[in-house]
Amino acid sequence: MDSQIEVTSMFSGFIGKTNKMHMVDYAGYLREIWHKHKPDFLFLSETKQDFPFVQGFQDHFGYDRLVTVDPIGASGGLALFYNNELQVNILYTSNMMIDVEAVALGKKDFYDFWGSGAKTERTSVGTYGLVRSEPWFIIGGLNEITGNHEKDGGALRSAGYFLPFNNMIRNTCLLEFPARGNQMSWQGRRNKIMVRCHLDRALANEDCHALFPCSYTEYLEMVGSDHRPIVAFLENKVPRRRGQFQFDKRWIRQEGLLESIKRGWIDRQERISELQRDLDKVQTYDNRTQQEIMEVSRKLQEAYKDEEDYWQQKSGNMWNKAGNLNTKFYHALTKQRRARNRIVDLYDSEGNWIAEEQGIQKVAVEFFDNLFQSTELTNFEQFLEDIPSTITPQMNQRLLRLATEEKVRQALFMMHPEKAP
């Protein structure tokens, strides 16, 4: 698999939900999707078909391996297609999911493919998250939403309804990928009302996001099924961009700030490692006093606190107070915020889909140039005749005055101290 996951290569997984009436119609759409993306993993859920029928897709697409879970009566059924070069080891199967182990970029990874996650079985996701330290990727129909914003139509649900699913995601440090397309992945009628929900998604832990930092998902058209297919692109090519300067609030507590700026930055992890070694030394030698041990320990605690403050600031999280050694939590939030803020593609003025970095920059510049461009308007006096004037000459004079230093200071200090203007 190392030969496939290269800097410019793509690792993709696909999930589609089917029903028995539309399986034949859906097969044509499935072939169209495969010929366009040729995913390394191809996962089908709710096939409602026996093994010989599903095996026909294996012959057509040319996959070496096929793992299936037979349907129970007229419901369920899972199928996972992949090739031998992926070094896949099947760990667990059920009527809800297929759990596998593979190797990507020389590292062992875990991939969970969910068909229709019942609440009782979804508890296993949280259990896996507590014991898995390797990259971990999940895709499929978890059949839950994180809030009413992921639902269109039907009755609103109480805030308490979403707590178990949100707590599972938070406790396992799972993060979603940036997505394109319509994320309302399921639709159906409930009490004669059309309801749409974001039931299908792709999640991964921090290690997986670090291994594939440029990953994203794409929600395709809904054809022959009440669920949208999802294509997940796991990419490790990081575009080189110049970093943006941000004020670091850790500087406030440091003595000799100007001298530190002149000397340049000392790597945070290097500083912590150095203090850890110093503490080990003073605790090892019997001739060191308790005061010396306490002094090194105090410096190490300050370094840990600085590290946590740094990641809290970068994460943009303001509701969780510092001081609880939540560095990994803030680090995960930072990665999630970067993933959500990353623009993977844009439509240009002619409706073309632009995905290249330089093309995206050009589209953005042209959009704001046109937005703020002044146009020569004429004969607009007649539109203003019936609009009463509410600004007096005295008010207009105050509005036209230059901003004073005090006014600028007041405006700046109304902002949160850790936010940029």
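Accessible areas here come from the Shrake-Rupley method with a 1.4 Å probe, and for residues only the protein chains shown count as cover.

## Ground rules and overview

Keep in mind that this is a predicted model: local features need pLDDT of at least 70, side-chain atom pairs count only at pLDDT 80 or more, and totals for chains, interfaces and linings use all residues. Residues are numbered from 1 along each chain as its sequence is written, and side-chain values use heavy atoms, with hydrogens and water left out.

The protein has 13 helices and 18 strands. Both are DSSP runs numbered from the N terminus: helices are H or I with at least four residues, strands are E with at least two. Of the 421 residues, 40% are buried (buried is under 20% relative accessible area, exposed is over 50%, partly exposed is in between, with a 1.4 Å probe and protein chains only). Among contacts (heavy atoms within 4.5 Å) between residues at least 6 apart in sequence, 60% join residues at least 24 apart.

For two strands to pair, DSSP has to find at least two bridges between them.

E12 and E13 (residues 193-197) share five bridges in the antiparallel sense. Look for Arg190, which stands opposite Ile193 in E13.

## Two buried residues

Phe61 is in helix H2 (residues 51-61) and counts as buried because its relative accessibility is 5%. Leaving out residues up to four places away in sequence, Phe61 touches Leu30, Arg31, Trp34 and Leu42. Phe81 is 20 residues from Phe61 along the chain, and their C-alpha atoms are separated by 9.1 Å.

Glu218, in strand E15 (residues 216-219), is buried too, with a relative accessible area of 14%. Neighbours within four places in sequence aside, Glu218 contacts His37, Arg180, Pro229, Ile230, Val231 and Phe233.

Phe367, Phe368, Leu371 and Phe372 make a nonpolar surface patch of about 480 Å². Patch residues have over 30% relative accessible area and no salt bridge; like charges are joined within 9 Å, and nonpolar side chains (Val, Leu, Ile, Met, Phe, Trp, Tyr) within 5 Å. A salt bridge is a side-chain nitrogen of Lys or Arg within 4 Å of a carboxyl oxygen of Asp or Glu.

Leu371 lies in helix H10 (residues 357-371), and its 48% relative accessibility makes it partly exposed.
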